[in-house]
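User: I am new to reading helix packing and cavities. Could you take me through some cases, one feature at a time?

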Amino acid sequence: MDIELSEEESHTNNDAPNSELVRARDILPGAIPILPISERPFFPGQAIPLLVDPAAWESTIKAAQENAHNVIGLILVKTDRAEQAGMRDFYRMGTACRIHRVSRQDGRMQVLLEGVERFRVVDWLSRKAPFQARVEYYPEARYEEIPEIKAYAIAVINTIKELIPLNPLYGEEFKLFLDNFHPNDPSHLADFAASLTTSARHEQQEVLEAVDLLRRLERVHVLINKELEVAKAQAHIRKQVEQEMQDHQREHILREQLKVIQKELGISKDDRTAEVDKFRERLEALQLPATAKSRIDDEMQKFSVLETGSPEYATTRNYLDWLTLLPWGKYSEDQLDLERAQEILDADHDGLEDIKQRILEFVGVGIMKGEVSGSIILFVGPPGVGKTSLGRSIARALGRKFFRFSLGGMRDEAEIKGHRRTYVGAMPGKFIQAFKDTQSANPVIMLDEIDKVGASYQGDPASALLEVLDPEQNSDFLDHYLDVPFDLSKALFICTANQLDTIPGPLLDRMEVIQLSGYLASEKLDIARNHLLPRQLVRHGLKKRGQLRIDKAALRKIIEQYAREAGVRRLEKHLGQIARKAVVKILGGAKQPVHVRVGDVEEYLGKPVFVKDKPISGVGLITGLAWTAMGGATLTIEATRIHSFSRGFKLTGQLGEVMKESAEIAYSYVLANAARFDASPDFFENSLVHLHVPAGATPKDGPSAGITMASALLSLARRRKPVRNIAMTGELTLTGQVLPVGGIREKVIAARRAGIRVLILPTANKGDFEEIPDYIRSGLTVNFASHYQEVAALLFKR
């Protein structure tokens, strides 16, 4: 039924005069229910089903259905969930939609809507669900042919035409648009093109709010071109993936065809045949002994008949792989040049002149023989004195391959002699692996920390080493995995240890022992300047000498007050600490080069760890010389009389059993011979004497402090201090004999470091002292004693 209404009472979607007749379905009310949507705006001309939550919006849908117009307003909100939207989250413009059908599906409400016209909210009549607002509509003006609008419309249509081949869905959407609207209708074309894109919801909202048609087309043109670029990129990616899949399929088909052709022609090789050919090719370059050749031939014959899927196939393949990778008969040519060896040793190491001389003698013998073989060298010394680096230098001097592994903590003899092939995951021992890695039958193999080899229920690795390090046996070394003799006699074995006590005697007998003692301060200074500091500069990205300079006096202070141990590891750590702090200063804009003077050392390294040893003199105080794993040390042994009420003897200082026995011997000897040394025998009869060895937290043991403790007790009994600053070492017997002790070089260096120039050593150690280099012995006065009477005479002579 057609009715006529005034403009004040209603609104129509055309601009006809009020006297015109309009259809009731075209009337849009001034106040409508509002339904918020969160995904994207709804445009006029769209007709899509909308799924809503009935619990939240059923009242809003019913309110729209109850009015005669059946109209509801859809407005985009800024939140991700429409149910959480507040009044500030609503955009100001939306689309009035007519409800055509409402149904329920899977607990949700499906509403079929048709977009009719844009509107703007004038006032909110209800500020909570169900929302309702008084709105102002924006009907589309009658289209007049304007050149700019027409140009934009054509451009949009052409872009849509480019999109259709890239995605068939665009074509379906365009067909639906043409069924309902004329392509020359730019207003609906703009809205359709905007809804077609996958652009962000705020960009589509801008199109909805563009009431001016030209401005709307401008924005739509930008969005639809962006969509075209995205679609082209997707199509390109899809084409690449399809092409790669086709290439893989084609390659697979061709490979299968090739296999069939090769099989028909009798030229194909299966995996087993290819492996056999590879093994035979390796064997052509090797000089196999008869036993190894026979074993390999047997295994190859067995391998050629095994099925590739059987467990025995993989085991046999790995076994043949190891056998054919070993350097049977492949030797490095020795560089037997004494001058070259001297240059390399001098370039790599400062100091150690006696050690370098021993090495040169060793190389010289090799020159005379024409080869260096069958030798086992053991470097013994404190940590950080250069044992491992000496091994590398020897390998470089001889021109041989170098392989190093550590024996420290090793408890399983299979690490030495390999596992038997019956075990899963079996493999050869470390020595066979060394020959495989170096690809040479005469490498230099370094066995680090041989004094720290352990033993367990799995075997004794030290006993297993007896065969390896015996020149009479290792020419036919039998690894459990290989089960074929392999010649180790051409290899040069270099072992390192911190001490000899824990090395089994039979193993030690097989090695030539070379003792490395600690460095003097002057030697450490040269090492720091020539080796350690340049290495730290490189490690920290500093230009050599150009960004960091450390004065010679500063280096000397670091050596004497922060790194007094026998080696140079702690010294290198402190230099690294200085370099790190220098880097921070440089990055902070400090002037270059950063100059470290003697007064700056504490700023970089903190307070000194060591203070200069000041020999203490007095009654009952005698300086002794001791050997430690870190080198030599001086210690002052103290004796005092506690009271005169009773006789007794007390020991402190965490002494071991041997050292306690030495103290008891010293006490008994001095007590028995007090009168001979001008001491009152009654002194000990009525005195509780306390003997203490300082550094009580450090365990101490050994017999070498015997004469030192006896001297402290004699000084206490005579109530006289020694006439000079003197240090001593030597074992004492009950008859007063002074027996030889070990570590003479380290002890002499310790005395020199402490500024003591007068020493007493056992006569039997005279040969050890004479082996010490002249530059260490110079300036020292050494007295040799075979009986304690000589010691006492030197201590208390007038």
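User: At what angle do α10 and helix α12 pack, and how far apart are their axes?

Analyst: This is a predicted model. In it, α10 and helix α12 (residues 387-398) pack at an angle of about 150°. Their axes are 9 Å apart.

User: Is the crossing of α10 and α12 left-handed or right-handed?

Analyst: The α10 and α12 crossing is right-handed.

User: Which residues meet there?

Analyst: From α10 come R340, A341, I344, L345 and D348. They meet L390, S393, R396, A397 and L398 in α12. Sorted by class, this contact has six nonpolar, one polar and three charged residues.

User: Now take α10 and α11. At what angle do their axes cross?

Analyst: Helix α10 (residues 338-348) and helix α11 (residues 353-369) cross at roughly 155°. Their axes come within 10 Å. That angle makes α10 roughly antiparallel to α11. The crossing is right-handed.

User: Which residues make the contact of α10 and α11?

Analyst: On α10, they are L338, A341, Q342, L345 and D346. On α11, they are K356, I359, L360, V363, G364 and I367. The classes are seven nonpolar, two polar and two charged residues.

User: What about α8 and α9: how do their axes cross?

Analyst: Helix α8 (residues 290-303) and helix α9 (residues 311-325) cross at roughly 150°, with axes that come within 10 Å. So α8 is roughly antiparallel to α9. Their crossing is left-handed.

User: Which residues of α8 and α9 meet?

Analyst: R295, I296, E299, M300, K302 and F303 lie on the α8 side. Facing them in α9 are E312, Y313, T316, R317, Y319, L320 and L323. By class, the contact has seven nonpolar, one polar and five charged residues.

User: Which residues line the largest cavity?

Analyst: The lining is I616, S617, L621, I622, T623, P722, R724, N725 and I726. Five are nonpolar, three polar and one charged.

Methods. Residues numbered from 1 in each chain as written. Predicted model: local features only at pLDDT ≥ 70, side-chain atom pairs only at ≥ 80, totals over all residues. Heavy atoms only, no water. Axes fitted to C-alpha atoms, helices over the stretch in contact; angles between N-to-C directions. Helix = DSSP H or I, 4+ residues; strand = E, 2+ residues; numbered from the N terminus. Parallel < 35°, antiparallel > 145°, perpendicular 65-115°, else oblique. Left-handed = near helix turned anticlockwise from the far one by under 90°. Contact = heavy atoms within 4.5 Å. Nonpolar A, V, L, I, M, F, W, Y, C, P; charged D, E, K, R; others polar. 1 Å grid on protein atoms, 1.4 Å probe; cavity = no way out; pocket = protein on both sides within 12 Å on 5 of 7 lines; lining within 4 Å.
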